[in-house]
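Visitor: Could you take a close look at one part of this model for me? I'd like to see how it sits in the chain as a whole.

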Amino acid sequence: MCGFTARWKYYFIWSISEASIIISGFGFSGWTDTSPPKAQWDRAKNVDILGVELAKSSVQIPLVWNIQVSTWLRYYVYERLVQKGKKPGFFQLLATQTVSAIWHGLYPGYIIFFVQSALMIAGSRVIYRWQQNVSANFLKTFLTVTNFTYTVLVLNYSAVGFMVLSLHETLVAYGSVYYIGTILPIAFIFLGSIIKPARSTRSKARKVE
């Protein structure tokens, strides 16, 4: 609940900033492809409130929260750490989140929060891979609900470090719920290395080609 209420001050500030830029005329980003075309005013958009609160996966959070900074980090840190011909992994994710932590300030709470967020996203990716590789509808639904619940739980748990900043207070808060938001991502990452979904028929066909 604390994480949920704390986010609203950022929603308010970013929404006011976006509105002021739109009013000034600098928020124009182009026209839609619809007929007739409509003006788009999302150049200064920095948060999608419903996108954050109803995110089905932790992977979606950086796409809808602090959008401008997340875009910069993706282009200038995350993608530059990926070697040519290889897929990004946990190292690139952790390095990007560490840069973001240093950017925010050298407080223990920031460091813990952003390391936690890297674990959170990595764990969510595992659930998503399982979700994409099951055929039964009830299993897909179950994993979708699991990923949503996991995202809400771990995000609000991790946010404590961002709010209190102190190492002692962060660890006390985490310990009061038995470090569940740290254990869950690590458990999913571990299970993901053991329970690997079979490759789909489409991906196998592409490999043969």
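Guide: Reading from the N terminus, the elements go α-β-β-α-α-α-α-α-α-α-α-α, that is, 10 helices and 2 strands; helices here are DSSP runs of H or I with at least four residues, strands runs of E with at least two, both numbered from the N terminus. Keep in mind that this is a predicted model, where local features need pLDDT of at least 70 and side-chain atom pairs pLDDT 80 or more, while totals for chains, interfaces and linings use all residues. Residues are numbered from 1 along each chain as its sequence is written, and side-chain values use heavy atoms, with hydrogens and water left out.

Now zoom in on helix α6 (residues 108–132) and its partner α7 (residues 137–164): their axes come within 9 Å and cross at roughly 180 degrees. Axes are lines fitted to C-alpha atoms, for helices over the stretch in contact, with angles from 0 to 180 degrees between N-to-C directions. So α6 runs roughly antiparallel to α7, a label for angles over 145 degrees. Sorted by class, their contact has 15 nonpolar, 12 polar and 1 charged residues.

Ser117 counts as buried because its relative accessibility is 5%, and buried means under 20% relative accessible area with a 1.4 Å probe, protein chains only. A polar atom of the Ser117 side chain lies 2.6 Å from the backbone oxygen of Phe114. Back at the scale of the chain, 34% of the 209 residues count as buried, and the C-alpha atoms fill a box of roughly 55 × 55 × 35 Å along the principal axes.

Terms used. Parallel < 35°, antiparallel > 145°, perpendicular 65-115°, else oblique. Nonpolar A, V, L, I, M, F, W, Y, C, P; charged D, E, K, R; others polar. Buried < 20%, exposed > 50% of the residue type's maximum accessible area, 1.4 Å probe, protein only. Polar contact = N/O pair within 3.5 Å; in protein donor to acceptor, adjacent residues only side chain to side chain.
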